[in-house]
Amino acid sequence: MDKVAFTQMKDGTKEEYEFLTRHEVEHTKGTADRLLKALVDLDEGLSGYQITRLGHSLQSATRAFRDGADIDWIVSTLLHDIGDIYAPYNHDEYAAAILRPFVREQCTWCVATHGDFQMVYYGHHVGGNPHKRDHHKGNIYFDDCVAFCERWDQSSFDPAYDTLPLDFFRPMVNEVFARTPYDPNVIRQGHREPLVIPQAE
Ligand SMILES: [Fe+2]
Ligand SMILES: [Fe+2]
């Protein structure tokens, strides 16, 4: 079989669906590569800043790496604005949907809500609510998202910063998206890993 025979899903046979499942599994192996390619596409989006969205994504992830943050934090930070391509009005939720099966809940939550938290820096300039993050108060990850925005997101628009290239992060993206989706040992519900690990000199 190189194609199924059905034209309506309800007519498919067990063999056809098993055949399609094998195809899907093959396709998912390319997720990391497709995401990295999408990040490069970010380079064309959103002019006006001193650096492109790709530059911003790389700079954020570089700061996370240099803070000693773990791989879940680094990959989540690298991809936190990937939704800018197709979901400009809820780019944070879009990125979180991509990450959710593969990284710790803590990181997904911060990516999903970072748009609200970032408003504290510029909401007052654009007629928005700078205190939008306040409705997340009480969440166990609130302080993590404050730190994520302060240390890695709002700070990463500097063309003079020594940003690491995309290829540096490629193995980490490959590793994360090769994980078993929704593995409870990865999701670690309620577990918090620090953003900053002091490094020995
Ligand atoms: Fe963002
Ligand atoms: Fe960002």
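The buried residues of helix 7 pack against helix 3, helix 4 and helix 6. The model is predicted.

### The chain as a whole

The chain has 9 helices and 0 strands. Read from the N terminus, its elements run α-α-α-α-α-α-α-α-α. Along the principal axes, the C-alpha atoms fill a box of roughly 55 × 40 × 35 Å. The chain has 201 residues, and 32% of them are buried. Consider contacts between residues at least 6 apart in sequence: 63% of these join residues at least 24 apart.

### Helix 7

Helix 7 covers residues 142-153. Which of its residues are buried? They are Asp 144, Cys 145, Phe 148, Cys 149, Trp 152 and Asp 153. Viewed down the axis of helix 7, these buried residues fall within an arc of 135°, so they line one face of the helix.

Asp 144 deserves a separate look. This residue lies in helix 7. Is Asp 144 buried or exposed? Asp 144 has 20 C-beta neighbours inside 10 Å, and 20 or more is the cut-off for a buried residue, so Asp 144 counts as buried. Set aside its neighbours within four places in sequence, and Asp 144 is in contact with Gln 106, Cys 110, Arg 192 and Leu 195. Leu 195 is 51 residues from Asp 144 along the chain, yet their C-alpha atoms are separated by 7.4 Å.

### Helix 8 and its contact with helix 2

Helix 8 runs over residues 166-177. It has 12 residues, and at 1.5 Å a residue these should span 16 Å. The end C-alpha atoms of helix 8 are 16 Å apart, which agrees.

Phe 169, Val 173, Val 176 and Phe 177 are the buried residues in helix 8. Seen down the axis of helix 8, they fall within an arc of 80°, so they line one face of the helix. On the other side of helix 8, Asp 167 and Pro 171 are exposed. What covers the buried residues of helix 8? The cover includes helix 2, helix 3 (53-66) and helix 4 (71-79).

Helix 2 spans residues 31-41. The axes of helix 2 and helix 8 come within 9 Å and cross at roughly 145°. The crossing is right-handed. Helix 2 contributes Thr 31, Ala 32, Leu 35, Leu 36 and Leu 39 to the contact. Helix 8 contributes Leu 166, Arg 170, Val 173, Asn 174 and Phe 177. By type, the residues of this contact divide into 7 nonpolar, 2 polar and 1 charged. Val 173 and Phe 177 are among the contact residues, and both are buried.

Tyr 122 is found in helix 6. Tyr 122 is exposed, with 11 other C-beta atoms within 10 Å. Asp 134 sits in the loop between helix 6 (105-122) and helix 7. With 13 other C-beta atoms within 10 Å, Asp 134 is partly exposed.

The table gives C-alpha separations for residue pairs.

| Pair | Apart in sequence | C-alpha to C-alpha |
|---|---|---|
| Asp 134 and Val 120 | 14 residues | 9.8 Å |
| Tyr 122 and Gln 154 | 32 residues | 9.9 Å |
| Asp 144 and Leu 195 | 51 residues | 7.4 Å |

Most residues other than glycine have a negative phi. Tyr 182 has a positive phi, near 60°. Where is Tyr 182 found? Tyr 182 lies in the loop between helix 8 and helix 9 (184-187). There are 10 C-beta neighbours inside 10 Å of Tyr 182, which counts as exposed.

Arg 188 also has a positive phi, near 40°. Arg 188 is placed in the segment after helix 9. With 16 other C-beta atoms within 10 Å, Arg 188 is partly exposed.

Key: Residues numbered from 1 in each chain as written. Chains lettered and ligands numbered in written order. Predicted model: local features only at pLDDT ≥ 70, side-chain atom pairs only at ≥ 80, totals over all residues. Axes fitted to C-alpha atoms, helices over the stretch in contact; angles between N-to-C directions. Helix = DSSP H or I, 4+ residues; strand = E, 2+ residues; numbered from the N terminus. Left-handed = near helix turned anticlockwise from the far one by under 90°. Contact = placed C-beta atoms within 7 Å. Nonpolar A, V, L, I, M, F, W, Y, C, P; charged D, E, K, R; others polar. Expected span 1.5 Å × (residues − 1). Buried ≥ 20, exposed ≤ 12 C-beta atoms within 10 Å, placed from the backbone. Arc of directions from axis to C-beta.
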